[in-house]
Amino acid sequence: MRRADPLKGEKGKFKLMAEGIDDDKDGLYNEDPAGGYRPDRNFAHAWNEADPESGPWPSAQPESRAIMDFLVKHRNVAMAVVFGPANNLLEMPRGSAGRSGDIGSMKVTVPRNIANFTGLEANKEYTVDEVYEVLKDSPVARAQGGLTKEAVVQLLGGGPARSGGQSAPGGLQNWLYYQYSTMAIELDVWGIPKKAAAKAPAGAAGDALTLDKFEKMSAAEVAALDDEKLGAFLKNINAPAMASAAMIKQGVASGRMTPAQMAGMIRSQGGGGAARPAAAAAGGGPTTPDEDTIAFIDASAKDGIVAWTPVTLPDGTKAEVGGVDPFLAVAPNESELKKAADVHADALIFMAGKLAEVAIADVQVKALGSGVYEVSATAANNGFLPTATRLQVRTRSYLPARLTITLPSGASLVQGNNRSSNERITGSGGTTKATWMVNAAPGSRITVSILTQNAGEDRREVVLQ
Amino acid sequence: MGQSSTLSPKVPAPDPQWDRLYPNAQILEMMRGYAKSYPDWVKIESLGKTSAGGDTWLMTITNPKTGAPDTKPAVYMDGATHANEIQGTEVTMYTVNFVLKNYGKLPRVTEFLDRATLYVVPMMNIDSRERWFTQPATPNFPRTLPVSIDDDRDGVADEDGFDDLDGDGEITMMRKKVPLGQGRFKLDPKDPRLMVPVTANELGDYIMLGTEGIDNDGDGLVNEDTYGYIDPNRAWGEGWMPRYVQSGSSEYPLQYPEQRNIAQWARNHLNINAVLSFHNFGRYILRGPGAKPQRAMNGADLRVHDFLGKEGEKLLPGYKYGNSWQLLYDSYGDTTDHTYGRHGAISFVVELNGTQQDFNGDKNVSQEEQMKFNDELTQGRMFVPWKAYKHPQYGDVEVGGYKHDTNRSPEGFLNVEECHRNAMFVLLNAYHLPKLKVQTPEVIKVKEGLYRVHVPVLNERMISTTAAIVQQHKLHRQDIATISGGKVIASGIVRDPFLNKVQMQENRPERLVVSGGIAGYSTETLMFLIEARPGTVTFNYDSVKAGKITSTITLP
């Protein structure tokens, strides 16, 4: 089923709803099914009061409370992975306010055809930010009134292999990150893959302009092209929306780009009717999730799609029943599941190996005379990840990393506190340091400790002399 | 039905004095006493255990002969959400005593218990309230739930609280005399009990050291990690925010049983139309929203709150009505937001008591006025004189100040009036519970066996039969009107009886949904097209919040 498009003069001819009858004859179908609330809509962050499945109030359901009660008693949790409906790796979590995450630090490589006109090196690894810096003032970006980092990723042929979705409002991943404030990621384990691109149809017929012809044109020939013809050509080759006839002409006339470079750029963005079929051709253009689902189930599951069958409802309404087996769209078959489980198990082990891990790195004792010693202690985080997320520093949901000194009886501090706190020790060797002045008998043993809730502990005993 | 006779107790009923504050055991004894004296009228039950092993005690009061408690419109009230805001409990118990003793004597009280139900949780934060009476306390402490929070984030919870250094059972203040030039205070030359800050060009010889206590854990800080701090009035489910947005919040909404017991019970008691939660201090009648960023209250419900709140200002001289964040401060996840937003009840927090000592009427209480009140109106009951103490960190200090049962809680002679006026505000809310009346129906015989009936249903009081928030948040079903004894072919709500405009219901005409209910002091006329023989049919109106009413209609 496809939505009717009023702009194409279409009118809707069908109503689409889940299979069922209006049992209570109130004009609504399936509006009060068995069951109540979804645990993954009932957590307290961004809880959606308008969602009938979100529960009577956030955290009302025993299922959500049981998980939270356990977690708040176990602050040694340093990272959480939720196997749920969203995939935070395929789609950056936008947060409850719907802001997009920054993908600037994502690593990308630049294909040769784009390297040609940007001055970047082909197949070398760059960050999205670096490519963005180069492209943001290009004619392409100016014509568009600005370029986004997401557009850069698409230009480079990146973007998710399939859609990832967002963690649910009131979902567990949201609560884990924003309120419990651990590092939290939601993974959907498996999803319907994108439909494989159909073979390109033959280029537009007749004397219409094609990308192959355009590529071989001189700058003067391009300048002489009729705007309407050029516009039709751009549309036909499924060029990016930012590429207007005027922009192409200006770009070529200014000498910033040759027609050949431009053709390369258009091809790299999936235009040109070569890599992907032109939008005008039947069945062309990017596929919708529905098309992906049908293509996948058609290919992988026999009887996975039930043919539309006419039925007459008890009230006399004529309807057709059919469609995709809903379970097949969300659950992989056994061999796919095995592959997915292996990948995820490996990923979990990899991520666990990146956790923060603190240790006493150094303790220096300096005798100042008359039984007074200056003790300087340094603790380091030898793991890859920091001891706390930035958000955790703000929420203060965990205790800080605490560097403490324990004195034997009879010893005392000349001033201050036996504890030095640091909200966050960065990863890969970040440190925290404390200095104490101790009044003690020579030969006294003191202990310096680094204490954290979720990055371990370490102690070192030192003799004052 | 016994509606006009007075209610005679089976055994002599409790007869408390209202010029004092009652510890938990005495309040419980009182509650049980009423239940014993008026066995079918007063029920006591525990809604569940609390954080430190107490119970959420609920009293349910109604005339049992006029219907079960849960089938009638109801007022819910509670006290001592904040344990130190002690006298909320006395206000609720005064109300209980008043309605039981005056049933059958005063027509409005009689009407209340006949047609409605009173639910009371006198001591919500029961464990900490007990501690306020039995352990050294201040007017502000203990306040929160009996749950340990590591306030100073050192890995140990509640290890450095206040200490009753001089062992007098009170936690007061500490001051220290220092050489001239080392302090910012001096003694008031007219009254050395009072401390005066020195002016910019004056030398001081006293420092104030805060609340009575020592550095128990040797971390160089005094009283930095006390008993508590989960604020029970920041813990509800509507509009809740985590602790980094507001201190005192929990890990998740309704995490602790003090509130959760009540919220879960209230889900099955949607007949509650009005909620009053008694706090102190400052003389306010507060409604939601609790915080500025929250959505403003819809107009229909605001009008009801405004009416009751402004009438309340007249019954409670000096009290000010308004929303919490404008009159006080932002509070997320507070009582009124939850009981209004999640249960659909008109809700007020009443901040009891205000300055008692403003002798010159300048709306400000100077420390001299406060001391004059102590000396002359309580003969010195309130203030503990300064007394020398050897402090482990501060050396020679003096300990003294106001006792825990002063200032925030009124002196006994003032509490009597405070209790009475607030009980009358509860009864004002009770009076305005929705009250349905079926007026004379208009019956038109369309043809043989077919009748068109217009039934005007009146709500005689201010609170709507379904608050607008119920529809807005889809909290529970709408009011439903049915006809028994005939077949309903079509039905609808009459929007203009003179021009014959009826908003017809498309499906299931036999079950007319009165969306939005019947607003206060107004009538909805309901139209039914009925297939029936001459005789009678019965009209039924069924409202979750306003109860059920039936009426016989004669078909000619």
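Student: What is the strand order of the open sheet in chain A?

Tutor: The order of this four-stranded open sheet in chain A is β7-β8-β12-β10, with antiparallel pairing. Keep in mind that the model we are reading is a predicted one.

Student: Why do β7 and β10 of chain A stand at the edges?

Tutor: β7 (358-369) and β10 (412-413) of chain A each have a single partner strand, so one side of each has no neighbour in the sheet.

Student: What makes β10(A) and β12 of chain A a pair?

Tutor: Let's set the count against the rule. Two bridges link β10(A) to β12 (430-439) of chain A, in the antiparallel sense. Pairing needs at least two bridges, so β10(A) and β12(A) qualify. To find them in the picture, look for S412(A), which stands opposite N439(A) in β12(A).

Student: And what holds strands together in general?

Tutor: Backbone hydrogen bonds pair the strands of a sheet, in either a parallel or an antiparallel way.

Student: What do β16(B) and β17(B) form, and which residue in the turn has a positive phi?

Tutor: They form a hairpin with two residues between the strands, and G449(B) in the turn has a phi of about 85 degrees.

Student: How do you know what kind of peptide bond joins F141(B) and P142(B)?

Tutor: Look at omega: it is about -5 degrees, and the bond is cis. P142(B) sits in the loop between α4 (126-134) and β5 (173-177) of chain B. The bond from G288(B) to P289(B) is cis too, with omega near -5 degrees, and P289(B) belongs to the loop between β10 (284-287) and α6 (299-315) of chain B.

Student: Into which domains is chain B divided?

Tutor: Domain 1 covers 24-133 + 231-353 + 410-431, domain 2 covers 149-226 + 356-402, and domain 3 covers 436-555. Domain 1 of chain B gives six residues to its contact with domain 2 of chain B, which gives seven. The area buried between these two domains is about 510 Å², and carbon and sulfur atoms give 53% of it.

Student: Why is the link of R381(B) and E411(B) called a salt bridge?

Tutor: Their closest N and O atoms are 2.8 Å apart. The cut-off is 4 Å, so the pair counts. The count between domain 1 and domain 2 of chain B is one salt bridge.

Student: How many salt bridges are counted between chain B and chain A?

Tutor: There are five. One joins the side chains of E251(B) and R75(A), at 3.1 Å from N to O. On the side of chain B that touches chain A, helix α5 (257-267) of chain B gives the most, with four residues. By class, that side has seven nonpolar, eight polar and twelve charged residues.

Student: How much area is buried between chain B and chain A?

Tutor: About 2500 Å², of which carbon and sulfur atoms give 49%. R153(B), Y244(B) and Y252(B) supply 33% of what chain B buries against chain A, more than any other three residues. The contact itself takes 27 residues from chain B and 32 from chain A.

Conventions. Residues are numbered from 1 along each chain as its sequence is written. Chains are lettered from A and ligands numbered from 1 in the order in which they are written. This is a predicted model: local features need pLDDT of at least 70, side-chain atom pairs count only at pLDDT 80 or more; totals for chains, interfaces and linings use all residues. Side-chain values use heavy atoms; hydrogens and water are left out. Domain bounds come from an automatic or database domain assignment. Contact means heavy atoms within 4.5 Å. Buried area is the accessible area (1.4 Å probe) that two parts lose on being put together, summed over both. Ala, Val, Leu, Ile, Met, Phe, Trp, Tyr, Cys and Pro count as nonpolar, Asp, Glu, Lys and Arg as charged, and the others, Gly among them, as polar.
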